[in-house]
Amino acid sequence: MGEVSDEIKRVRAQMEENEQLATLMRGLRGQNLSVSQFAADDVQMRFVEIADGQDGEALPLVYDPAIISAYWGKRPKAVATRIVQLLMVSGGFLSRILLDVLNKKIKENEVARAIELREIVTSLGPAYIKLGQALSIRPDIFSPAAMTELQKLCDKVPSFQDDVAMSLIEEELGCPWNEIYSELSPSPIAAASLGQVYKGRLKENGDVVAVKVQRPFVLETVTIDLFIIRKFGLVLRRFPQVSIDVVGLVDEWAARFFEELDYVKEGENGTHFAETMISDLPQVVIPRTYSKFTSRKVLTTEWIEGEKLSQSTESDVGELVNVGVICYLKQLLDTGFFHADPHPGNLIRTPEGKLAILDFGLVTKLTDDKKYGIIEAIAHLIHRDYAAIIKDFVKLGFIPDGVNLEPILPVLTKVFDQALEGGGARNINFQELASDLAQITFDYPFQIPPYFALIIRAIGVLEGIALVGNPEFAIVDEAYPYLAQRLLTDESPRLRSALRYIIYGKTGVFDAERFIDVMQAFENFITAAKSGGGESLNGDMAGLGILESQNGFLSMVSSNASQPGQVRTRAALAFLLSEKGNFFREFILDEIVKGIDAVSRDQLVQIAAAFGIQGSAPIFGMFPTFGPLKPRVMLPRITEEDKVSLNNVQMIVKFLTSGTSATRTIGQEVNVLHVAQELLPVLPSISARVLPEVINRLSSRVMARLLRELLL
């Protein structure tokens, strides 16, 4: 991994020299985001104060553009009033946008327009603020400079009146606030476009809680704005010069935004997220939701003490970033339940040294097809199988179905070759890759799916936090180990096929170096899974390096264990010998059997040489041929394939048996007897599982070879 880190440092330095790429990287890492808790003094908000359902109709609680259109279509006066509000604030901006369209200067003036948009959008209300922030991480829509300006948007706005908030709590929860909370802060501790947060204490048990109260008239304001934006988007569709589908973007984003308006759903998201993390990553803390005191517009959760991870100066920040990377990769490649609002303000270091993740109003769900597709694409990328990668991109939504892939393949090949230049199997700089892909979206039918933009943002934010305290940090050092663990432990046929592809490649030939590469990454994952929060918090992921002896005693496996009674065999060997390593063990058993077969014949060759029998030609004459049978081929001989197998076995054995003793020095010969002594507590169960399989495969191989050579 050291070579990988050095290469990434080199690439990162080159990117920093390119102003555009450096700007894009800062944006993807969230370094331009405003993290203040309140709005500037001169910020004003304009809401549509119309009581919903006053004529028996109601706005939908789940995004439905048809119902919204019908609702506001019957209220032309309210729509006209809102349009006047918007024009008063943004009339000049919209006119300049139209001129850019007509004059074909959209790209030329996009930075100037982004600055104007940032300056006016906050006053337009939550829909525009949230939409602007969503677009600020879409490098396929805006240039890096324009993204930078949009990311300066502040979601913090003036708070609304406290008495209104208290009345809303009573309306939503069915009783006055002081019957639920023994105390509430006299004013909000933070105010955002959708609501504001108070710190309080529950009356029934004394728990300290955070109480989020939704701002009045949010649903009305959001839906009328969506109605107007969609109408505007339909008009823009008449202009072929505009390549951005505004209606499609709005519909895609609004469906998720509506979920953010439902605090019951947000609480359920947090609870589900905690359930998916607790067994594997107890170092990750998710605020508990108090469902009894939660409604659609009021959310009561556990109060989390701590400091923003991005601002912490504690020595364990690097470890917590590692935990964060594992956490987000687990969401992406395992649970498929992805925290879609990652920014520095939502990642907290608790006083106990744990990583707390806040705000689950916005989540994205990935199907198994997407999760497996991402891993398959990485496997193809490792082998530079670009023809397969471009098909993966169709499955993942980067390229629409039915598009001619022939013109795109050479471009992607060039991009990937540049990203992988000078590295090995794991030397993939995902950040550079993302920026290069963004550049080709303007020239080819290639788009960055919304879920992938959020993935880039999440990983970028974690990388940005890590780089502050550790300029040597490389995201691949943490990402590849998780990928190795996922491939090694998942029983999905698609992932097992991807694992086999990584080890055997397109040629179908076992690659010992890649086998070792995966196992080393797996060991690095075990180390990372133990970091943050103390050794006592090791979850199921950290427990993958455990062997079970015949009497049920669990022995912790590590490369530097020194406590009496511990098995000191490295985690890679422990995993291969465990039940969880059954599938991956199949790969190495094939090579071991080939190696034993080759070694046995090699020994016979040496014995024959000792008796003066060297070379095969003189010996062939000693054995007559009986019809189709050729007994002379039974003489021992070593093929090139045997030599490759012997070399593979030698490399693997040396790797698996190295580091088993705390006292072994670098370069010291492997003491096989000592390794056996270390594994003695678990040898009975290992022998019962492995030896019969080895003997069976070896006998089958020898018989098949003899029959083949006798008859052919």
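Predicted model: local features only at pLDDT ≥ 70, side-chain atom pairs only at ≥ 80, totals over all residues.
Let's start inside. The largest nonpolar core has 96 residues, and the members that touch the most others are Leu 347, Ile 357, Ile 374, Ile 503, Phe 515, Met 519 and Phe 584. As background, nonpolar side chains in soluble globular proteins tend to be buried together.

Now pick out Ile 357 on your screens. What does Ile 357 touch, leaving aside residues up to four places away in sequence? Its contacts are Phe 273, Val 284, Val 285, Ile 286, Pro 287, Cys 327, Tyr 328, His 339, Asn 346 and Leu 347.

Next, a pair of helices. The axes of α4 and α5 come within 10 Å of each other and cross at roughly 160°. Angles over 145 degrees count as roughly antiparallel, so that is how α4 runs relative to α5. Their crossing is left-handed. On the α4 side, Val 89, Ser 90, Phe 93, Arg 96, Ile 97 and Asp 100 meet Arg 113, Glu 116, Leu 117 and Ile 120 of α5. Sorted by class, that contact has five nonpolar, one polar and four charged residues.

Finally, the loop between those two helices, where you'll find Asn 103. Gln 241 is 138 residues away from Asn 103 in sequence, yet their C-alpha atoms are 9.7 Å apart in space. Thanks, all!

Note on methods: Residues numbered from 1 in each chain as written. Heavy atoms only, no water. Helix = DSSP H or I, 4+ residues; strand = E, 2+ residues; numbered from the N terminus. Core = buried A, V, L, I, M, F, W, Y, C linked by side-chain atoms within 4.5 Å. Buried < 20%, exposed > 50% of the residue type's maximum accessible area, 1.4 Å probe, protein only. Contact = heavy atoms within 4.5 Å. Axes fitted to C-alpha atoms, helices over the stretch in contact; angles between N-to-C directions. Parallel < 35°, antiparallel > 145°, perpendicular 65-115°, else oblique. Left-handed = near helix turned anticlockwise from the far one by under 90°. Nonpolar A, V, L, I, M, F, W, Y, C, P; charged D, E, K, R; others polar.
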